[in-house]
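Please look over the sequence and the model before reading on. The report below takes up the parts of the chain one after another and asks what surrounds them.

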Amino acid sequence: MNATADKTAAELERQVSARLAALPDVDSSMIEPHAEGTKVILEGSVDTVFSARKAVLSAETVDGVHDVESHLTLTGNKNGASKSH
């Protein structure tokens, strides 16, 4: 195991949360990241499919994250949201 490459779950969650908070079109207060090893699970809700994709892509850019699983639900609160999967 490479100690320098491994981060604690709490560190990864904090860094993913910070990265999500920096996204201009995503309400990060509705997203909660959970780290399991190098995998991050995003739980919560977003307005659109595009917001969900932005959140996943952003989480993937955090150093130490190797996989992102989205458990995000769509609220459809913003204009342009539709019933797509």
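What follows is a report on the overall layout, the confidence, the helices, the strands and the core.

## Basis and confidence

This is a predicted model, in which local features need pLDDT of at least 70 and side-chain atom pairs count only at pLDDT 80 or more, whereas totals for chains, interfaces and linings use all residues. Residues are numbered from 1 along each chain as its sequence is written, and side-chain values use heavy atoms, with hydrogens and water left out.

The term pLDDT stands for the predictor's confidence in each residue, on a scale from 0 to 100. The mean pLDDT of the protein is 87, and 84% of its residues reach 70 or more. Over residues 1–5 the pLDDT is below 50, and beyond near neighbours in sequence this stretch has one contact in the model (contact means heavy atoms within 4.5 Å). Residues 80–85 also have pLDDT below 50, and beyond near neighbours in sequence that stretch has five contacts in the model. Where pLDDT is low, the predicted coordinates should not be read in detail.

## Overall layout

The protein has two helices and three strands, which follow the pattern α-β-β-α-β when read along the sequence. Helices (H or I, at least four residues) and strands (E, at least two) are DSSP runs, numbered from the N terminus.

Of the 85 residues of the protein, 32% count as buried, where buried means under 20% relative accessible area, exposed over 50%, and partly exposed in between, with a 1.4 Å probe and protein chains only. Among contacts with a separation of 6 or more, 64% are between residues 24 or more positions apart.

Helix H1 has 13 residues and reaches 18 Å from its first C-alpha to its last, close to the 18 Å expected at 1.5 Å a residue; the expected span of a helix is 1.5 Å times one less than its number of residues. In H1, Leu12, Val16 and Leu20 are buried. Seen down the axis of H1, the buried residues fall within an arc of 70°, so they line one face of the helix; the arc is that of the directions from the helix axis to the C-beta atoms. An α-helix has 3.6 residues a turn, so residues three or four places apart point the same way. The face of H1 turned away from its buried side carries the exposed residues Ala10, Arg14 and Ala21, while the buried residues of H1 pack against S1, S2 and H2.

The 12 residues of H2 should span 16 Å at 1.5 Å a residue, and the end C-alpha atoms of H2 are 17 Å apart, which agrees. The buried residues of H2 are Val49, Ser51, Ala52, Ala55, Val56, Ser58 and Ala59, and they pack against H1, S1, S2 and S3. One of them, Ser51, has a relative accessible area of 5% and touches Asp25, Val26 and Val46, not counting residues up to four places away in sequence.

## The strands

Two strands pair if DSSP finds at least two bridges between them. S1 and S2 pair in the antiparallel sense over six bridges, and the bridge partner of Pro33 in S2 is Leu42. The hairpin of S1 and S2 has two residues between the strands, and in this hairpin Gly37 takes a positive phi near 70°.

Eight bridges join S2 to S3, which run parallel, and Glu43 stands opposite His71 in S3. Val68, which also lies in S3, counts as buried at 12% relative accessibility. Leaving aside neighbours within four places in sequence, Val68 is in contact with Val40, Leu42, Val56, Ala59 and Glu60.

## The nonpolar core

Which residues touch the most other members of the largest nonpolar core? Of its 18 residues, they are Val16, Leu20, Ile31, Leu42, Val65 and Leu72. A nonpolar core is a set of buried Ala, Val, Leu, Ile, Met, Phe, Trp, Tyr and Cys residues joined through side-chain atoms within 4.5 Å. H1, S1, S2, H2 and S3 each supply at least two residues of this core, and H2 gives the most, with four residues.

Leu20 is in contact with Ser28, Ile31, Leu42, Ala55 and Ser58, leaving aside its neighbours within four places in sequence. In soluble globular proteins, nonpolar side chains tend to be buried together.
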